[in-house]
Amino acid sequence: SVKASVTSEVAREAIGEAVRVSREHVEFFQTPAERGERLLVPQMALRVQGELQLFDDPEVLDYPWSLSEYDAAPTRTQLDVLQGNRVGNGGEIDIDDASGRVTTRFIADLQRDLGLSYRPEHWDDVRLATWLARNLPENSITHASKRVFVAFWMRHLLATPGFDLALINRQKFLVRTLLESRIRELRAAAVSQAYQQTLFAGEAASNAVVSDDYALEFDPQGYAPSRDYDGRFGIWDFRKHFYGRIGDFDSKEEFECACWLDRQAQAGRMQFWVRNLVRKAACSFFLQKADGRFHPDFLCKLKDGTVLVVEYKGANAWVGAQDDRDIGGLWAALSKGRCRFVMVTDKKWEAIDALLG
């Protein structure tokens, strides 16, 4: 040892004292999770038939769902798809001798001109509509309802120039796919309307609750990002992240937001923060929307125990994130001061700063 290599007693005592002092001042770094800190985030619960339950599925909303004959008309997109598919069926391209213009004729047109138009044996509009309705997988509506919807839809299509029963029958699998997509679209619209009425029509406080009755507690051992941050946007010694690992960032600006939060925590303006993950049950906080879940980027525990949720959006994604801002603001408003929410763009950290207290 160093102490044994010297002969002077004074030197040996000085070395021993230095070792003792250095050992007393060694600090072993521990994350907030390792120190036993807790991160408990209140979630949104919804009253369903008088009972509170975690709002994690828009299907629990009370919404009228039925297919209306008024919606049973081919959309412009559906007609474009069906007409575009005719090109793949083949045809003839020629030059008109008189005008010199290029002309095209599809096989279906040529068949009609020649009197060879295909008529499906044993198929008529009734049987075709029945087949389509039976092969639509939507289980929340009856076969009779689907049958009426499809019949009206086909009636409109057959009245459209360029379409006949033979063409529809040949493309019945494509037609089935288009109808399935349209029914999903109509159902999503019904859910969205119910979502808006339930949460944003002035009676949200009687329909939804944010409290510890339905809260997510982050598991001290359960943080498992699909990908850890590897330094690709820069190097920062994160001292106040709740866990030792940190989930990857989606952009350099998001990384810079995390650095800003860590600086505030090191300066004593918050206890700690965490990079929120997606679809990880033990460490994924979300807010349910009509069309999916919103997983904010960061959760911060402030000095008074308040939870601050921070979402960073790039400038190109700001306009399309209004529904995220709406549900985040509602969640904070219903928490009775226990939670705060902010969405930031263009590195405007002052928006976060104003909520730190």
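Start your tour in the largest nonpolar core: select M44, F218, F285 and W331, which touch the most other members among its 67 residues. A nonpolar core here is a set of buried Ala, Val, Leu, Ile, Met, Phe, Trp, Tyr and Cys residues joined through side-chain atoms within 4.5 Å. Buried means under 20% relative accessible area, exposed over 50%, and partly exposed in between, with a 1.4 Å probe and protein chains only.

A word on what is on your screen: this is a predicted model, in which local features need pLDDT of at least 70 and side-chain atom pairs count only at pLDDT 80 or more, while totals for chains, interfaces and linings use all residues. Residues are numbered from 1 along each chain as its sequence is written, and side-chain values use heavy atoms, with hydrogens and water left out.

**Stop 1: around M44**

Colour helix α7 (residues 172-200), which gives the most to this core, with 10 residues. Helices (H or I, at least four residues) and strands (E, at least two) are DSSP runs, numbered from the N terminus. Next, centre on M44 and show what surrounds it. Contact means heavy atoms within 4.5 Å. Leaving aside neighbours within four places in sequence, M44 is in contact with L54, F55, A208, V209, V210, I327, L330, W331 and L334. Apart from this core lies another one, of 25 residues, and you can find it by selecting C257, F298, L302 and V344, which are among its members.

**Stop 2: the aromatic rings**

Rings of Phe, Tyr and Trp (its six-membered ring) pair if their centres lie within 6.5 Å; planes under 30 degrees apart count as stacked, over 60 as edge-to-face and the rest as tilted. By this rule there are 19 aromatic pairs. F249 and F298 make a tilted one, at 6.4 Å centre to centre with 45° between the planes. F249 sits in the loop between β5 (208-217) and α9 (252-266) and F298 in strand β9 (residues 298-302), so their pairing ties together parts that are 49 residues apart in sequence. Both F249 and F298 are buried. Now widen the selection to Y229, F233, F238, F249, F255, W273 and F298: ring pairs link these residues into a cluster.

**Stop 3**

Which residue does F294 pair with edge-to-face? The partner is F341, with 6.2 Å between the ring centres and 80° between the planes. This pair also links distant parts of the chain, with F294 in strand β8 (residues 292-294) and F341 in strand β11 (residues 339-344), 47 residues apart. F294 has 3% relative accessibility, so it counts as buried, and F341 is buried too.

**Stop 3: charges over rings**

A charge sits over a ring if NZ of Lys or CZ of Arg is within 6 Å of the ring centre and within 35 degrees of the ring normal. Select W318 and R325: R325 lies over the face of W318, at 4.2 Å from the ring centre. Then move to W131, where K172 lies over the ring face at 5.9 Å from the centre.

**Stop 4: helix α5**

An α-helix has 3.6 residues a turn, so residues three or four places apart point the same way.

**Stop 5: three loop residues**

Go to S140 in the loop between α4 (125-134) and α5. S140 is partly exposed, with a relative accessible area of 38%, and touches W65 and R187, not counting residues up to four places away in sequence. S140 and R187 are 9.6 Å apart, C-alpha to C-alpha, and 47 residues apart in sequence.

Finish with two backbone angles. R279 has a phi near 55°, a positive value in a residue other than glycine; look for R279 in the loop between β6 (270-275) and β7 (287-289), where it is exposed at 72% relative accessible area. D346 likewise has a positive phi near 55° and lies in the loop between β11 and α11 (350-353).
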